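Subject: Structure for you to look at

Hello,

Here is the structure I said I would pass on. Please open it and read the notes below alongside it.

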Amino acid sequence: MKKILITGAMGQLGSELLTTMRGIYGPANVIGTDLRMPEKDSILLEGPFYPLDVLNDKEMAKIAGVEKVDTIIHLAALLSATAEENPQLAWKINMGGLMN
């Protein structure tokens, strides 16, 4: 069975994809991550969920190892308005997270 980790799982795309993928692969096989944890009653907590800064490659590797992840979908990013104000930070998160 596939084990999928989604970064940015609380974002607009990430939250929808997390829910859909859990419906396909089962809640235990799709791991959500984001900078912060969802609210206690959130549907996003129906499976594994970890706080993760995508720039922390050691923590990402640790989570992927513990959960035996074979696929990572990187959706953590700064959206355009924020990214335009701070393009270096946007590059760091968008591309650095991808590299990690």
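Just after α1, G26 takes a positive phi of about 95 degrees. (Helices, H or I of at least four residues, and strands, E of at least two, are DSSP runs numbered from the N terminus.) This is a predicted model, where local features need pLDDT of at least 70, side-chain atom pairs count only at pLDDT 80 or more, and totals for chains, interfaces and linings use all residues. Residues are numbered from 1 along each chain as its sequence is written, and side-chain values use heavy atoms, with hydrogens and water left out.

Helix α1 covers residues 12-25. Its buried residues are G14, S15, L18, M21 and R22; buried means under 20% relative accessible area, exposed over 50%, and partly exposed in between (1.4 Å probe, protein chains only). Seen down the helix axis, these residues fall within an arc of 140 degrees, so they line one face of α1. The arc is that of the directions from the helix axis to the C-beta atoms. On the face turned away from the buried side are the exposed residues Q12, L13, E16, G23 and I24.

N29 is in the loop between α1 and β2. It counts as buried because its relative accessibility is 17%.

Four strands make an open sheet, in the order β3-β2-β1-β4, with parallel pairing. Two strands pair if DSSP finds at least two bridges between them. β3 and β4 are at the edges with a single partner strand each, so one side of each has no neighbour in the sheet. Three bridges join β1 to β2, and I4 stands opposite V30 in β2.

Regards

Terms used: The expected span of a helix is 1.5 Å times one less than its number of residues.
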